[in-house]
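Take a look at the model below. Keep it open while you read.

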Amino acid sequence: MKTRKQSTKAEVQLSIKPTARPTVAALEKQLQRTWKVLDHGFVRVVDYMGDDSAIVQAARVSYGKGTKTKSKDKNLIFYLMKNGHTSPFEMCEIKLHIKLPIFVARQWIRHRTANVNEYSARYSILDAEFYLPPPESLGIQSTNNKQGRADAVTTDYATKVRDTFRGDAIHSFHSYNWLLNDDGDGHPSDLDRPSLSREIARIGLPLSTYTQMYWKIDLHNLFNFLRLRVDSHAQREIREYASSILKIVSHWVPISYSAFLEYQLHAKIFSAAQLAVISEIALGNKPTFEKSGLSKSEWNELSFLLNPKSAQDGI
Ligand SMILES: Cc1cc2nc3c(=O)[nH]c(=O)nc-3n(C[C@H](O)[C@H](O)[C@H](O)COP(=O)(O)OP(=O)(O)OC[C@H]3O[C@@H](n4cnc5c(N)ncnc54)[C@H](O)[C@@H]3O)c2cc1C
């Protein structure tokens, strides 16, 4: 089978000059580095704008006061994050180059508040590159989460599953290349039959096929993306990308990153009825499910949050 390599870097000459703009030394080191994700994917920082001080600067513009001490800046960022004052975080932006399977890209593209430019399989020919999940990712259907997977299948069965995925993908790419009838230079390999257009030849390719995109987003909306996609409810494959981006964010805006962990990623929202149960416990009472007014799932969720070890026994 013919394989063509998509270029991982745009074929443009970047002229690098000294800048008067604020830069972040830890992120400068990450520029152009590729963070490997899944079997053939990656995340790469192409460019960025702003840092923690840009957030502070924007927040203080309303009072006409500049940057104060470091600890006051940290307190301000934590205050903004805690109280949902989101617009100062929009002052920072990041542009990433991402290579990802199409089924992950479909979930990714739902985040509407980013700017995207994707590889065109109407214009160009796709590489024969597809995602093959490792054996430990091959979970059986979960019984308590219709959108999730449970324990991994046995090693023997995993081999069969992977052979099936691999065989189907290779067959699809074989058909794709046959339909394209392209010698790699835009001429027919076989002069006796037509070369199907790229835009229609691609439609039989699997969702595991890798695509690439440039993705630019501001920090506020990036935190929203990360909150949803680092979470255990998100599909494992997109979670792996989100985890890499979270590490990049820790280099870029370390104070905002800590505030995000504190008030969003590792924080929980309680309903009014759940808070009433927590108050009862704080007063030394022993609330019961029957009198709590909570649904079973809210009660179980609260039990787990308050005491993960004894979740089975209740609060
Ligand atoms: C675990 C999980 C499971 C999911 N399952 C499904 C599913 O089964 N089916 C499905 O279709 N989707 C599903 N989604 C996608 C989900 O519903 C959201 O579309 C996606 O997460 C994008 O979130 P968002 O709207 O907050 O992000 P963004 O699109 O980046 O928007 C950020 C915020 O901007 C605002 N905003 C953006 N655009 C608009 C607009 N046009 N109008 C009003 N406000 C706007 C909203 O406040 C929004 O929260 C799932 C997501 C997750 C994380």
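Predicted model: local features only at pLDDT ≥ 70, side-chain atom pairs only at ≥ 80, totals over all residues.

Residues are numbered from 1 along each chain as its sequence is written, and side-chain values use heavy atoms, with hydrogens and water left out.

Start with the core. A nonpolar core is a set of buried Ala, Val, Leu, Ile, Met, Phe, Trp, Tyr and Cys residues joined through side-chain atoms within 4.5 Å. Buried means under 20% relative accessible area, exposed over 50%, and partly exposed in between (1.4 Å probe, protein chains only). The largest nonpolar core holds 53 residues. Trp108, Leu222, Leu226 and Trp252 have the most contacts inside it. Helix α8 gives the most to this core, with 8 residues. A second, separate core has 11 residues, including Ala121, Leu126, Phe130 and Ala169.

Now follow α8. Helices (H or I, at least four residues) and strands (E, at least two) are DSSP runs, numbered from the N terminus. Helix α8 covers residues 236-252, 17 residues in total. From first C-alpha to last it reaches 24 Å, close to the 24 Å expected at 1.5 Å a residue. That expected span is 1.5 Å times one less than the number of residues. Buried residues of α8 include Tyr241, Ile245, Leu246, Val249 and Trp252. An α-helix has 3.6 residues a turn, so residues three or four places apart point the same way.

Contact means heavy atoms within 4.5 Å. Not counting residues up to four places away in sequence, Leu226 touches Asp231, Ala242, Ile245, Leu246, Val249, Phe260 and Leu265. Ser244 also belongs to α8. Ser244 counts as buried because its relative accessibility is 8%. Beyond its neighbours within four places in sequence, Ser244 is in contact with Trp35 and Val37.

Next comes a helix pair. Helix α10 (residues 272-282) and helix α12 (residues 296-306) pack at about 45°, with their axes 11 Å apart. Axes are lines fitted to C-alpha atoms, for helices over the stretch in contact, and angles run from 0 to 180 degrees between N-to-C directions. The two helices, α10 and α12, are therefore oblique to each other. Angles under 35 degrees count as roughly parallel, over 145 as roughly antiparallel, 65 to 115 as roughly perpendicular and the rest as oblique. From α10, the contact uses Gln274, Val277, Ile278 and Ile281. From α12, it uses Glu298, Trp299, Glu301, Leu302 and Leu306.

Gln274 sits in α10. At 2% relative accessibility, Gln274 counts as buried. Its C-alpha is 7.1 Å from that of Leu302, 28 residues apart along the chain. Leaving aside neighbours within four places in sequence, Gln274 is in contact with Ile269, Leu294, Glu298, Glu301 and Leu302.

Turn to α5. Helix α5 (residues 155-180) has 26 residues and reaches 37 Å from its first C-alpha to its last, close to the 38 Å expected. Among its buried residues are Ala158, Val161, Ala169, Phe173 and Leu180. The cover over the buried residues of α5 includes α6 (198-201).

Which residue follows α5? Asn181 does, and its phi is positive, near 50°. Asn181 is not a glycine. Asn181 lies in the loop between α5 and α6, and is buried, with a relative accessible area of 1%. Leu38 also has a positive phi, about 55°, although it is not a glycine. Leu38 is placed in the loop between β1 (34-37) and β2 (41-49).
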